[in-house]
Amino acid sequence: MIHRVPEPTSAISPFRPATSSRRKDNQPACMPNCLEPSTLKPTGRQKVLPPRRNLFDFANTISVIRVTRETHEAPSEVRQRITRTGGLNRFNEPHFRVVWGGSRLTWIGGRWTDRDAHGNVIRQCIELRRVPKYLPTNRWHVERWIPPESFGSPETWWAQTLEMEDGIRVATLGPYPSRGEYEHCFTLQNTSGEFISLSPTTCDTVARAIEWARHLPRSLAREALDARELRRARVWDRRADDLLEGLIPSIFASSHGHRRVLGGHSSSTANTKGPKREHGNN
Amino acid sequence: MAQMQNAQSVALQLEKVRDKLPLLYERDDILLTMIQQRGDVERVSSRNMRLPLQIRPGGKAGLANMDGGDLGRGSGTTYDVAQVTPVFFRHAVEVTKLVEYASNAPEKSVENAAKREVKNAMAQFRSFLDKVMQTNGNGVLGTISSITTSGLPAGIAAQFTMAKPPGAQLFYFNQTVQVYDPTLTTNRGSANVVLVDPFNSFIQVDSLPSGTTANDVIVHDGLTGAQPTSLFGVLYHQTNATTGTWLNLNRSTYPVELATPAVNANNSALTPAAVRLAINKVRKSLGSNQVSKLIAYTSLEQEHQWEQLGVTISQIIKEGAGGRASDLDLLFTGDKSMAGVPIKSSINANASRVDFLDLSHWGRAVMQDIDFYDVGGQTVFPIYGASGGLASAYIFYFVTGFQVWNDSPRSGAYISNLAIPTGY
């Protein structure tokens, strides 16, 4: 199922006035009390004039609502499969779930700087916005439930996330996740960053892989990281060997397979791979 | 000249290695290489490289009274210029003739000593530069937290326990270091590192410079004078400090514009909330598109901690089947991510930080690419004995001259003061 909803991000709509924390009528769709697309419609108290049509402004004649964010829901087959794999948490909710980037929203509060397409600053405002949590928004993301205690106590949460902006206290991550929170695990895209379509098998494998690794001792995880570093070093070592292969020994006058007498004749047959360079040429 | 000198001959032979050096320098987990690959490399002379920055917006907007009202005055954009001057680094390698004689035939040695020496020296120089890249531009590799002078083996004058981070992570065996007072004003003298224990966070040195006390700092060799300048590393460009200078600009002049958004973890463990706080700061100030350019540059310690949260594919999976997960190569050979931001970890990275870097804003001002030190085509030089005659040894140098710049400190973010997981 595909839903198309107005973009709740910082993009500027022709109808969207500069925000003010005191004027609720003019609040954009991204404000806390304007979560639904319907709130974009003018209220009875407010009169919104249609945009003045400019003969040369074709963009305004086409549409007054910008639909820029697609929302999808994971098929029930995928949801059931990943729930079976990951199990349920203490709230009887699945440990794992799959979400579409454009559908998964979160609260972000603070001083927002809105910019135009060229990066120029249009305005700054201090507010709480509900925006896509993960980027890119046009990918499927696998999430895992994190228990509330992983975020510390509510006091810790507020101490860490409340910020003061121009004397206004803003909850930069929204309210304390008292029922835990789903956090990003994996973005379904290939190594080139290209889209991968959703399949139960893929999600199942991701969930299994994460769950399996979670139950291993910490030391094994650490050893795996060390093994990766060793592998990187070996890869570089091999590459270095390849690069230097066939070169006449640089410092020494003779080496394996290449007899060389300083100041005399040389029987070197090496350096067939290396580029020929002129003496003294940098 | 009647007789061809040995030094003349080896200079010719070394030519064949020279164009391989930049390739030997590269490794994808080295921050400087990442900057080279993804950022700009500018060739510069000995004059400062100038980076014009559009620091503050101009113009005055506001409500206007069109019924004869005063429209007020205007203003313009604020520009300023950051300046970068390359600094030079050298790595000296010295070998004796005995090494050559002992390894110049397959029946004597299992490996070509010449090739191995060039390779090792290159790896060590690269490692040194990467370590300096983790510092804050003054060459400080560590801070002494305590000094032990008794009960040490012969030949060891002192043992320095180093404050974490970075502990002893940025030192290597046989490195020459200098001790400075905490204000980086007084150079107390130099010493050679004879033992490095990064796990227990101490180093041992062959001499104890006079006046060395706890809280003194240790810098790399070659720095002179008060407040020395070295490579501008991650800690230099990624800071929310509002005092001091940044690329010749006074931070107090632009306290907001030059400060990198930061999250203070207050010695607590890495959590998804801290990561989201840092990433959101970039989103709020620069827009969501900017986040897609970030990498999460961190240490193995914090990468391990992130894995322990159980929200990413563990390295155990990726190391399976010889480093490749056989049935899901397409998915699992990609980067691990931190809230969707690719993780790039390094053994040299600060163990208590996660730096979110937009490398498209980073670059290198290069005066001299990495190469052998060259005098008229000669790249290997004889060592002279005490008598004035030749010693049975050679010396050669790797040199490079560059500086690292960043034209938008606000394009990144960082989490500092993270608890270092136990066992490190």
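This is a predicted model: local features need pLDDT of at least 70, side-chain atom pairs count only at pLDDT 80 or more; totals for chains, interfaces and linings use all residues.
**Entry 1: nonpolar cores**

I began with the largest nonpolar core and found that it has 78 residues. The residues with the most contacts inside this core are B:Ala274, B:Ala278, B:Ile279 and B:Phe356. I then looked up which element gives the most to it: helix α7 of chain B, residues 272-286, with 8 residues. Apart from this core I noted another, of 23 residues, and its members include A:Ala207, A:Ala209, A:Ala213 and B:Ile317. As general background, I recall that in soluble globular proteins nonpolar side chains tend to be buried together.

I next listed the contacts of B:Phe356, leaving out residues up to four places away in sequence. B:Phe356 touches B:Ala278, B:Ile279 and B:Val282, and also B:Leu294, B:Ala296 and B:Val341.

**Entry 2**

I traced an open sheet of 6 strands in chain B, with the order β13-β21-β17-β14-β16-β15 and mixed pairing. Its edge strands are β13 (262-264) and β15 (337-338), each of which pairs on one side only. Between β13(B) and β21(B), the latter spanning residues 413-416, I found 3 bridges, and the two strands run parallel. B:Asn264 has B:Ser416 in β21(B) as its bridge partner.

I then asked which helices pack on the sheet. Helix α7(B) does so, touching β13, β14 (294-299), β15, β16 (341-346), β17 (354-358) and β21 of chain B. The direction of α7(B) makes about 155 degrees with that of β21(B). Helix α9 of chain B, residues 300-308, also packs on the sheet, and touches β14, β15, β16 and β17 of chain B. For α9(B) I recorded an angle of about 105 degrees with the direction of β14(B).

**Entry 3: B:Ala123**

I located B:Ala123 in helix α5 of chain B, residues 113-132.

**Entry 4: a hairpin in chain A**

I turned to strands β7 (residues 162-165) and β8 (residues 168-171) of chain A, which pair in the antiparallel sense over 4 bridges. A:Glu165 stands opposite A:Ile168 in β8(A). The hairpin has 2 residues between the strands, and A:Asp166 takes a positive phi near 50 degrees there.

Methods. Residues are numbered from 1 along each chain as its sequence is written. Chains are lettered from A and ligands numbered from 1 in the order in which they are written. A nonpolar core is a set of buried Ala, Val, Leu, Ile, Met, Phe, Trp, Tyr and Cys residues joined through C-beta atoms within 7 Å. A residue is buried if 20 or more other C-beta atoms lie within 10 Å of its own, exposed if 12 or fewer, and partly exposed in between; C-beta atoms are placed from the backbone. Two residues are in contact if their C-beta atoms, placed from the backbone, lie within 7 Å. Two strands pair if DSSP finds at least two bridges between them. Axes are lines fitted to C-alpha atoms, for helices over the stretch in contact, and angles run from 0 to 180 degrees between N-to-C directions.
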